[in-house]
Each structure stands twice: as structure tokens, then as C-alpha cells.
Amino acid sequence: MIPLSWYLVVAAALFSIGVYGVLTRRNAVGVLMGVELMLNAVNLNLVAFWRYVTPTKMTGQVFAIIVITVAAAEAAVGLALVIAAYRTRRTVNVEELDTLKG
Amino acid sequence: MLLRLIFVVVSAFTLGFALLMVTARSLFHSALAMAASFLGVAALYILLEAEFLAGVQILIYVGAIAILIIFAIMLSRGTMRTAEPVVNKQWPFVAVVALSLFGLLAFLVSQVAWPARSAEPMGDPIAALGKAFVGPYVVPFEVASVLLVVAMIGAIIIAREKE
Amino acid sequence: MTTAETFLYLSPELTLLLVAALVFVLDLVWRRDPDRAHRWLPWVAMGGLAVALIITVALMARNPSAHIATMMVIDPMSLFFVAIAIVGAMLVILSALDYIPARTPYVSEFYALVVVAVLAIAIIVSANDLILIYLGMEFLSITSYILVGFLKRNRGSVEGALKYFLYGAAASAVMLYGMSFLYGATGATDLEAIARVFSGGLTGDLALMGFPAIALLMVGFGFKASLVPFHQWAPDAYEGAPTPVTAFLATASKAAGFAIIARVLLVGLPMFQEKEWVPILMGLSILTMTLGNLVAIQQRDMKRLLAYSSIAQAGYILIGLVAIGRDVAFGGLSGLLVYLFAYLFTNIGAFVVVIAVENATGATDLPAYAGLIRRSPLLASMLLLFLLSLAGIPPTGGFLGKFLVFGAAIRAHFLTLAIIAIINSVIAAFYYLNVVRYMFFVQPPDGGRKAIAVTPAIRVALWVCAAMTLLIGVCAQPFVTWAAHSASLLAAVW
Amino acid sequence: MSFPILTLITFVPLLGAILCLLPWGQWLGWSKAREEDFIRLLAILFSLVPLILAVFLWLAYDKAAGGFQFEEMAAWIPALGVSYHIGVDGLSVPLVFLTTLLTTLGLYYSSHVIKHRVREFFVLFLLLEMGMLGVFVSLDFVLFYVFWEIGLVPMYFLIGIWGHEEDRPQYSAIKFFLYTLVGSVAMLLAILGVYFDTGTFDIVKAIALKPFAANPMLAGLAFWGFFLAFAIKMPVWPFHTWLPDAHTAAPTAGSVILAGVLLKLGAYGLIRINLPVFPTAAKTWAPLMIALGVISIVYGALVCMAQTDLKRLIAYSSVSHMGYVMLGVGAAAFAIGMKRAGALDSAAMALNGAALQMFNHGIITGGLFFLVGVIYERAHTRELNLFGGLSAKVPYYYGLMMVTALASLGLPGLAGFWSEFFVFRGAFDLVRVWAAIGVIGVVITAAYILWRIVQSVFLGQYDPQKIAHWTNPADGNMTHEPMDVLLFEKVTLWPLIFFMILFGVYPTPILDFFNRMTMALMHGL
């Protein structure tokens with residue numbers, strides 16, 4: 001059987017790539033895609049733990065399904081905001097969203 | 001052994017497309033790479049014997065979220081034509097940070113003595129999931145459905161063209 | 001527990017759900033007659049919230065400690081926070097009565113969403129399971145993103161919402177990663193089961209993940225409570241959001257962040273107190289108050305100033321958790337509750353003044369407050385009271401809160417932390433007084449001839465906030481005992 | 001429960017403030033001017049009540065019995081062990097009287113000179129009175145702290161709103177606030193520290209329990225928490241820099257209260273809390289207190305020599321004069337634990353001097369600031385170089401100023417003499433060298449008062465070119481020559497002059513209050 005840690009390392013890699021995407025992308029949609037990678041990494045963790053730690057209880061899978069559902073809702077709201085921002089500013093570049101002085 | 005080989009291939013596929021996603025110059029390519037990477041994750045779920053979840057993953061992540069993102073990209077496509085770089089100037093620094101984060105996390109997850117045991121999953125995972133959602137997890141299930149409704153209303157209010 | 005009991009204990013949440021649905025539905029029913037909808041629906045929402053508040057208080061009197069499966073716990077502490085959220089939302093709706101219709105046609109949706117946000121908070125503060133905690137926090141976040149971006153034609157509003165969303169989505173992903181560790185280490189997601197597994201003894205290799213897991217969790221919780229360095233969204237979201245929403249984010253929503261930090265750490269991870277979470281929280285507390293105050297000094301916009309001030313206040317509040325102990329009076333946790341309760345009225349009151357000034361002048365920058373005492377003695381003296389309370393000058397509620405958390409720090413021998421906190425409170429007094437300077441010392445631009453009208457709704461909100469701010473400080477006894485009682489059950493578990 | 005005289009004294013001003021806030025004009029259909037007149041009257045009436053009660057207190061306090069009298073005790077926040085515990089002893093009775101007297105005089109004087117934002121002024125002044133009185137009667141640390149901070153806010157406004165533009169009132173006000181706040185937050189931590197060691201917020205109990213007796217380090221920290229608050233408020237060198245700015249910017253009555261009462265809060269705290277609660281730490285730090293006191297005396301006096309602004313000069317003279325108090329307290333602290341015969345009596349004497357100096361400085365410097373106000377209302381300047389030869393033009397003013405100034409420099413026969421005498425008499429026996437250095441300050445004081453004030457303002461030749469226009473403070477009209485003291489100014493000043501002469505000739509009635517208290521204090525340590 002594949003060791004648990006292999007899955008966890010792959011998830012860690014996926015998570016780190018997602019973090020990289022979140023921190024480097026200039027486009028709001030790009031940032032959101034990075035977040036989706038991070039969420040997938042989490043889900044991979046959850047499912048791996050389910051399989052190896054509590055295969056007889058559905059906790060991990062339930063958690064993963066909830067995460068997926070919420071991610072979809074979140075993405076819908078986020079993308080609506082992206083579109084609204086694009087309408088008012090003609091840009092969704094995070095660095096150019098500077099009406100608010102910081 | 002074969003299983004491990006498959007795992008390595010699937011992981012390489014997943015991570016490769018993930019890397020492509022964060023480095024692609026075109027946001028559109030990025031989105032496609034993301035969808036591919038999500039497919040890889042679904043394959044990993046199958047390896048973990050969570051077939052139902054793999055199905056959900058493909059339906060929602062690949063089917064819904066990726067498509068949603070591609071729509072958003074196309075609706076705001078004015079932003080894609082610019083010749084400016086798609087990543088900010090700190091990317092080499094962030095790359096170092098992300099690499100060290102990975103090192104740290106990888107070290108951590110392989111060092112911790114997770115209480116793994118070698119039991120087999122229950123007979124019918126779909127039935128078990130169904131029971132879980134009406135049993136102990138009924139509250140999260142209900143909350144999630146309210147959340148979906150609210151998110152839908154909110155997304156409509158915000159994305160609607162006319163006031 | 002019987003089904004009837006379950007429904008009884010969930011009745012505040014169910015009421016909130018019904019009210020929100022009722023507002024949405026009535027809005028559809030009265031589609032042809034938007035005037036009627038705009039006139040009545042806020043009061044439907046207010047009435048519903050009032051009913052929920054009565055139910056919550058009635059439940060409090062039962063002094064429950066009820067588990068809904070393993071998912072939720074209805075105890076005095078969770079009811080305390082539900083009450084805070086409901087009261088906050090009622091004040092916010094009062095203050096929004098003139099603000100929102102002037103800026104957007106989606107009036108009923110706004111009130112419904114505020115009620116939904118309260119529902120989300122009610123779920124967070126009673127959640128006893130990582131899954132529900134995540135779900136509740138996401139629920140509140142998504143509702144908040146919508147509320148911040150509600151003025152979708154307004155650049156600031158949408159930008160603030162987008163930033164809030166991007167930070168929030170990333171923060172919750174990080175938090176989830178930490179939650180997955182806890183699940184992996186224990187095989188459980190409900191806090192009491194996690195605590196049971198850990199209390200069975202930590203093998204050295206499993207304990208390794210304690211610090212990183214808690215640090216990752218704190219990213220998400222810290223985001224909600226706007227702790228530095230997870231605060232970057234706050235100034236933009238606070239400035240861009242419709243001001244009533246800002247008031248809600250800075251008080252009720254922040255309080256939910258603290259509620260969940262307290263519950264997860266005390267119920268789920270008590271064995272990680274000494275080496276893991278106390279140092280993390282202490283670092284966050286020092287960073288939060290110091291940075292919040294130093295940046296607040298430079299602000300020229302009232303909303304931004306209050307945003308940074310509320311970041312700094314979060315730093316003081318956190319002291320209550322760092323210095324947590326079993327002492328009834330200065331146990332830290334009860335201080336935190338009193339602080340949050342006083343802070344609710346004080347900060348919402350300050351934002352109500354901002355709303356009134358914004359309604360009249362359209363401006364939120366400091367010069368708009370020049371000579372406010374001439375243009376509206378009521379608004380100026382009210383804001384003075386709230387600023388003094390924020391600065392911790394007695395006899396206000398803000399003083400009592402500081403007194404209790406600083407006392408907890410001294411009791412627990414965190415002298416350095418206490419000294420850093422008092423230095424910070426002096427820095428903070430400087431910028432609060434700067435606002436007072438504008439209001440009382442600087443000549444108004446037009447010589448003070450143009451008075452600022454204050455509508456009855458805003459007047460009521462102001463008087464409630466002012467009365468409570470003073471009452472908490474002067475008649476402190478019932479509030480202290482209430483907080484101590486609310487904290488006691490959690491402290492007993494811990 | 002007996003007649004709650006202290007509660008009444010403390011909270012009647014609050015009632016007055018609230019009544020002043022009510023919209024009388026709107027209710028009764030009065031014009032703005034009439035409403036303002038009514039508010040002036042109302043405020044003065046409500047400040048008379050505590051004054052009359054304070055006179056009664058003075059007479060009714062049983063000096064022979066000593067200790068805390070008229071105590072009132074009620075639960076306030078029992079969950080935290082905070083109680084509403086008030087009472088007065090020989091130290092606080094004269095200070096309560098001083099506060100009520102100066103407030104009434106200040107309100108009366110202001111009712112003639114404050115012309116804009118009248119309502120706010122009188123409301124804030126009454127709130128200020130409540131804060132100050134509260135500090136003097138509190139016997140619970142938290143209550144003490146609450147009143148301590150309450151007094152801060154109205155003073156901030158008095159300086160900031162009614163200060164003259166050229167004196168940077170906004171800057172001075174915030175400086176005053178922040179300096180005092182630094183001290184008070186340190187005190188808050190110390191109060192909490194004492195609570196966790198003794199389990200009580202009660203000052204009387206804390207005095208009996210002597211917190212941190214076993215831990216000199218923590219005792220020192222707590223001592224310093226209080227000391228910082230009181231030293232900034234007094235203020236002693238080097239914490240004094242807020243004072244000249246605040247004084248210069250404040251309106252006349254504000255300066256009077258600032259010098260007359262607010263500075264006393266710091267000195268009062270030292271004697272009420274630092275000495276009896278932390279005798280060991282006080283003993284340890286006594287040399288430092290003495291040094292700070294002497295430095296303040298000499299430094300304050302020297303700086304006075306260099307001033308050209310009359311009000312600033314008197315402000316610095318306060319630093320010097322409060323230095324005597326610090327010296328007296330320091331000397332008394334130094335004597336703690338001394339076995340030598342007479343040491344404790346000398347300490348009590350120094351402490352008597354310090355306490356008396358608090359009262360005397362209140363009436364004398366209060367008087368001086370009123371006198372500065374009198375001349376400023378006429379000349380609209382306080383520049384010493386612009387005055388000269390006024391003795392012939394305003395002889396009555398000259399006379400009042402001479403009495404007050406001579407009282408300030410400690411001329412025998414006037415009140416200031418006795419307090420300086422007792423401080424030095426006591427200190428000389430205990431810390432000879434320091435006391436001797438301090439005497440230099442007395443000499444310099446004489447120099448600046450005679451030379452800078454009397455000489456440059458009153459003597460010499462009157463030059464009409466220097467100040468072309470004088471104002472008649474009664475109606476605001478221009479005059480060519482300065483007008484002499486008006487009736488309302490005489491009414492304000494005479495009570496103070498009366499006490500300067502009375503306690504200069506016959507100090508026994510007030511000394512009796514202090515002596516009993518200081519002897520009990522020193523022998524109890």
C-alpha cells in the first residue's frame with residue numbers, strides 16, 4: 001500500500017504551489033485559482049487521513065464534500081465581485097485596485 | 001509496486017499542471033491547467049478508494065468551478081490583452097518562500113506519527129455518506145444548503161448588470 | 001436529547017433563519033410596491049431580531065450546556081455572543097435606515113443579509129466541530145463579502161469587497177490545512193473528541209504538529225478577528241464598505257472571531273496552552289496593538305482611523321486569552337467578554353456618528369469633523385464619549401474592559417505584555433484626541449452655521465450606545481458577573 | 001447611615017453640570033444672552049454648595065481624634081472587590097476646602113471674563129471640580145483612579161478651547177493629557193499589582209497590609225508605578241515640561257485650578273499612597289525623591305529668572321514650589337526606620353511643611369494666576385518687558401500683587417513662610433546637605449519675584465508707547481491708561497489674600513489638621 005506520507009507530501013506540494021500562485025498573481029482570478037489549489041491540497045489531506053486514520057467513519061469525506069461545496073459558493077460570489085470590479089474599473093489587477101489608500 | 005508507480009505518475013501529472021497553472025502567461029491557459037490538475041486530484045481520490053468523492057470533484061471542480069472561472073476570464077477579457085507581466089515583481093522571493101514552506105510541510109508531515117491503521121473502508125461508501133449527512137452531520141448539511149442559497153442571491157445581486 | 005429540546009436550543013438560529021427568509025419573501029411579494037417594502041421590511045427584520053434576542057436571553061436564564069449531536073454546544077458563552085451579534089445587528093439596521101436606501105435599490109436584500117450574517121455568527125459561536133466551524137466562518141465570510149460589495153456601482157465598495165474576498169479565501173484555505181492536521185492527528189473533528197485523544201498523552205512525534213496546526217488555524221481565526229498580520233484586508237474593506245456594514249464587521253463579526261479562538265483553544269487544544277498557543281497569541285497581541293496604533297496615527301479618514309483603531313483594540317482583547325486563568329474576576333476570559341460587550345456599543349456608536357456625518361456631508365475624512373460641536377452638539381458629544389471609551393478613560397465601558405484584561409495580564413505575571421499594552425493605550429489616546437481636537441478646537445469650515453440634522457433612528461441608536469457605554473462603566477457589577485458566568489462553563493471544561 | 005456629606009460634596013458639581021447642560025433657553029423662551037447669564041449663576045450656586053459643606057467639614061472634623069472620618073462605604077463592583085469607599089482625614093479636609101474655594105472663585109471670576117462657549121465652560125469646570133474632589137475623598141484605589149482620570153478630560157478642553165491662539169492651546173492640551181495619561185496608566189498597573197498581592201482595592205486596608213513586603217523588586221515596581229503618576233502630576237523635574245505649556249495656554253481660571261488643585265493631586269498621592277503603602281520602597285528611593293525635589297526647587301527658580309512671560313514665570317515657580325513638597329516627602333521617607341531620637345518628629349515636621357505647602361501654594365499661586373489674568377485682560381500681553389511703572393497707575397493692583405508675591409517668596413508673616421520653614425526645619429535635621437542646597441532656591445525665588453515681577457512690572461518709568469491700548473475688562477472698551485482692579489476682581493482675590501495673611505499670622509488651625517495626621521503616619525510606619 002502507498003504510505004500515507006506520500007499523499008501528504010503531494011498535498012503539501014500542491015498547497016505550496018497554491019500559495020505561490022496566490023502571492024504572485026496580479027490578476028484577481030489568478031489569485032482565486034491559487035486558492036482553489038490550496039483547497040484541493042486540503043481535500044487531498046482530508047481524504048488521505050480518512051483512508052488511513054478513520055476509514056470506518058465518514059468524517060474526512062464529509063469534510064471534503066463540504067469544502068468542495070463551499071468552494072463553489074465562494075467562487076461564485078468571488079467571480080461576481082470580479083465582474084463588478086471589472087465593470088467599475090475595467091481592471092481586475094489586484095495592484096491597480098487602489099481607490100482606497102492604504 | 002504498480003500502485004506506487006501509478007501514484008507517482010498521477011502525482012506528477014497533478015503537480016505538473018499545478019505548476020503550469022501558476023506560471024502560465026495566459027490566464028486562459030492557466031485555467032485549463034487548473035482543470036487538468038483537478039482531474040489529477042480526482043485520480044488520487046480513486047487511488048484512496050474515495051470514488052464518490054472523485055465524482056464530486058470532477059462534477060464540481062472541473063465541471064463547475066473551472067467553467068465559472070473561464071467565464072469570468074472571458075467576461076473580463078480586456079484584462080488579458082495587456083502586455084504587462086502576469087505575475088508581480090516579488091515572484092522570485094515568493095518562490096523561495098513557497099519552496100521553504102514546502103520543505104517545512106513535507107518534513108513535518110513525514111515526521112509526525114499519524115495514527116494510521118490498516119482498516120478497510122466500509123462496504124458502501126455512498127450509503128454511508130448519505131447516512132452521515134442525515135445523521136451526525138445533518139447540521140452542517142443544512143447550514144451548507146442555506147449558505148448556497150445566500151451565496152447565489154448575493155452573486156446575483158452583485159453581478160447583475162442593471163440596478 | 002429529544003427533538004423538542006434540540007429545536008428549543010436551536011430556536012435563536014431557527015428564528016433568524018425564518019426572519020431572513022420572511023424578508024426575502026415579503027420583498028418578492030411586495031415587488032410591485034417597493035416603497036412599502038422599503039418602509040416595512042427593516043422593521044420586520046428588527047422585530048425578528050428582537051424576538052431572537054428575547055429567546056436568546058430566555059435560553060440564557062436556563063443556563064444550558066446542551067450538545068446538538070457533537071456539532072454544536074449551546075452554553076452561556078455561545079448565547080453571550082449570539083446576543084452580542086443580535087444587538088449589534090439591530091443597531092446597524094437602525095443606523096442604516098437612511099444610509100442604504102440613498103445608495104442602492106437592493107434595500108430589503110440588505111436587511112435580510114444582515115440577519116443572515118447574525119445567523120452565521122450564531123452558528124460559529126456555538127460550533128463545536130471543525131467542520132461546522134469552517135462552514136460557519138465561510139458562511140459569515142461570504143455574507144460579509146456580499147455586504148461589503150453591496151454598493152456595486154461604488155468603486156471603493158467593490159474593491160474593498162474583492163480584497164476582503166481574496167484575503168478571506170486564502171486565509172480560510174490555510175486554516176483548513178491546519179484543521180486537516182488536527183483531524184489527521186486525532187481522527188476526529190469535534191473539539192471534545194480531539195481534546196480526549198490528546199489528553200491521552202502526546203507521543204513526541206505527534207506533538208510536533210501542535211505548533212504548526214495552531215499557527216495555521218490562527219491565520220483563519222485571526223483573519224476574522226483582524227489580528228496583525230492577517231489584517232491587511234480590514235482597512236480597505238472597512239473604508240470601502242457601506243458604513244453600517246463596517247460597524248458590523250468591526251464589532252459583531254470580530255467578536256465571533258474571538259469566540260471561536262477561545263472555544264477551539266480552550267475546549268479542543270488545552271494541552272497545547274503553555275508551549276504553543278500562549279506564545280502565538282502573545283506575539284499576535286503585541287503585533288496587533290502596536291501596528292494598529294502606529295498606523296492609525298497617520299490616518300486622515302475617520303473610517304480608516306476607526307479601522308486601524310479596531311485592529312489595535314483586537315490586540316488588547318487578545319490579552320484576555322493570553323492571560324487566561326481560573327480566577328473568576330480577573331480570569332481573562334470574562335475580561336475578554338466584558339471588553340467585547342463594551343466595545344460593541346462603543347464602536348458601533350462611533351460608526352453611527354460617522355454615518356450621520358456622512359449622510360449630511362458625504363465626507364468621512366477628518367476635516368469633515370472640524371467644529372462638529374457647533375454643527376451638532378449631540379453628535380460631537382456622543383463621539384467624544386465613544387472615543388474616550390475606546391481610549392479606556394473611566395467611567396466608561398472601555399475602561400472596565402481594559403481594567404479587566406490588564407488585570408488578567410498582571411495576575412498571570414505577563415508584566416511585559418501589560419506594559420506594552422499601556423504604552424499602546426497612550427499612543428491610541430493621541431489619535432483619538434486628535435479627532436476630539438477637530439471636533440472641539442478647530443473652527444468649522446462654514447463658521448458652524450449649517451447644522452447637521454440627526455434623524456430619529458440615528459438618535460435612538462446613539463442614545464442606546466451611549467447609555468450602554470456609560471452603564472457598563474458605572475454599574476459594572478451585573479456585566480462583570482454575567483461575563484464571569486458566561487465564561488465559567490468554558491473555563492470549567494478547560 | 002449618617003448624612004452622606006462627602007458624597008454630596010463630590011457629586012453636587014455633577015448635578016450642577018447636568019443642570020447647566022439642559023436647554024433652558026429653549027424651554028423658557030430666553031435669549032441666548034439671558035440663558036448664558038442663567039448658566040453662570042447656576043454654576044456658581046452649585047459650586048457654593050460644596051464650598052459651604054467643606055466649611056462645615058472643616059469645622060466638624062474631629063482633629064483630636066484624627067484618622068478617617070465621615071467615611072462612607074458601599075459595594076460598587078463586589079465581583080472585583082471594588083467598593084465605593086470614601087472618607088477624609090487631616091490631609092484631605094484642607095484640600096477639599098481649597099478645591100471648593102478655588103472652584104467657586106474661578107467660576108465667579110470666569111463668569112465675568114468668559115464670553116464665548118459659555119455653557120461648555122461652566123459644565124466642564126463643574127465636572128473638573130467633581131474629579132478633583134473625588135480624588136481627595138477616595139479611599140479605594142479604583143475609585144481614586146476613576147476620579148483621577150475624570151479630572152483629566154475637562155482640563156484638556158479648558159486648555160484647548162479657551163486658550164489663546166498664540167499660546168498653541170491645542171498642542172498644550174494634548175501634551176498635558178498624554179503626559180498625565182502616561183503616569184496614570186502606570187498607576188493602573190501598580191494598583192492591579194497591589195490588588196493581586198493583598199486581595200483588596202481598599203487603600204486603608206492596603207496601608208495596613210503593606211503589599212510586597214517580602215519582595216523588594218515588585219514593591220519597587222509598584223512604588224514607581226504610583227510615583228510616576230504623581231511625579232508627572234506635581235510635577236517634579238524632569239517630568240515638568242508639560243506644565244509651562246499647559247499653564248500658559250489655559251484660561252485664567254483654568255490656570256488657577258491647574259496650579260491650585262491639580263498639582264496637589266500628585267503631592268496628595270505621594271503622602272496618601274506612596275509613603276504609607278510602600279514604606280520600605282519609599283525609604284529605598286528617598287534619596288532620589290529628595291534629589292528630585294531639590295533639583296526642582298533650584299532648577300525651577302533658575303528658569304524663572306530667564307522668563308519674559310509673566311504667566312510662564314509663575315508656571316515655573318510652581319515647579320520650584322512643588323519641589324519643596326517633594327523635598328518634605330523625601331525627607332520624611334528618608335527617616336522611615338530611623339532609630340535616632342527625634343528623627344521621626346523631624347520627619348513629621350517636614351511632612352507637615354509639605355502638606356502645608358500644598359495648601360499655601362494653592363492659595364498663593366492661585367492668587368498669582370488670577371492677578372496675571374487681571375493684567376492680561378487689560379493689556380492682552382504678558383510680556384514683562386512691555387510693562388513697567390504700573391505702581392502709579394494701578395496702585396490697588398500693586399498692593400494685591402505685592403502681598404501675594406511676598407507670600408510666594410516666603411516672607412515671614414505670610415502663609416508661604418511657615419510651609420517652607422517646616423520643610424527645611426525638618427529636612428535639615430535629616431538630610432543636611434540637600435536641605436542646604438535647597439535653600440539656594442529660596443534665595444533665587446526672592447530674586448526673581450522682586451526683580452522679574454515687582455521690578456519690571458511695577459517699578460521704573462511708565463512708558464505709554466509700549467502698550468498703546470488697554471482694555472476695560474468690564475465692557476471691552478479701549479482705554480489709554482490701565483484701569484485699576486474692578487470690584488469682581490477684588491471679590492475674587494480678597495478671600496485668597498485673607499487666607500495668606502491669616503495662616504501667615506496664625507497657622508495653628510490648619511497645622512493641627514496636618515500634625516495629627518503626619519505624626520500618626522510617621523509613627524505608624
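Reply: We start with B:Val41, in helix H2 (residues 27-47) of chain B; helices are DSSP runs of H or I, at least four residues, numbered from the N terminus. This is a predicted model, in which local features need pLDDT of at least 70 and side-chain atom pairs pLDDT 80 or more, while totals for chains, interfaces and linings use all residues. Residues are numbered from 1 along each chain as its sequence is written, chains are lettered from A and ligands numbered from 1 in the order in which they are written, and side-chain values use heavy atoms, leaving out hydrogens and water.

Me: Is B:Val41 buried or exposed?

Reply: Buried means under 20% relative accessible area, exposed over 50%, and partly exposed in between (1.4 Å probe, protein chains only). B:Val41 has a relative accessible area of 0%, so B:Val41 is buried. Its contacts (heavy atoms within 4.5 Å), not counting residues up to four places away in sequence, are A:Leu14, A:Asn40, B:Thr14 and B:Gln57.

Me: How is empty space found?

Reply: Rolling a probe the size of a water molecule over the atoms shows where empty space is left. A cavity is a set of points, on a 1 Å grid over the protein atoms alone, where a 1.4 Å probe fits but cannot get out; lining residues have an atom within 4 Å of a point. Among the residues lining the largest cavity are C:Phe406 and D:Tyr145. H8(D) gives the most to this lining, with 3 residues.

Me: How large is the area buried between chain B and chain C?

Reply: Buried area is the accessible area (1.4 Å probe) that two parts lose on being put together, summed over both. For chain B and chain C this is about 2700 Å², with 81% from carbon and sulfur atoms. Chain B puts 26 residues into the contact and chain C 35 residues.

Me: What about charged pairs?

Reply: Side chains of opposite charge can pair when their charged atoms come close. C:Asp236 is in helix H11 (residues 233-240) and C:Lys163 in helix H7 (residues 155-186) of chain C, so the pair ties together parts 73 residues apart in sequence.

Key
Helices (H or I, at least four residues) and strands (E, at least two) are DSSP runs, numbered from the N terminus. On a 1 Å grid over the protein atoms alone, a cavity is a set of points where a 1.4 Å probe fits but cannot get out, and a pocket is an open set with protein on both sides within 12 Å along at least five of seven lines; lining residues have an atom within 4 Å of a point.
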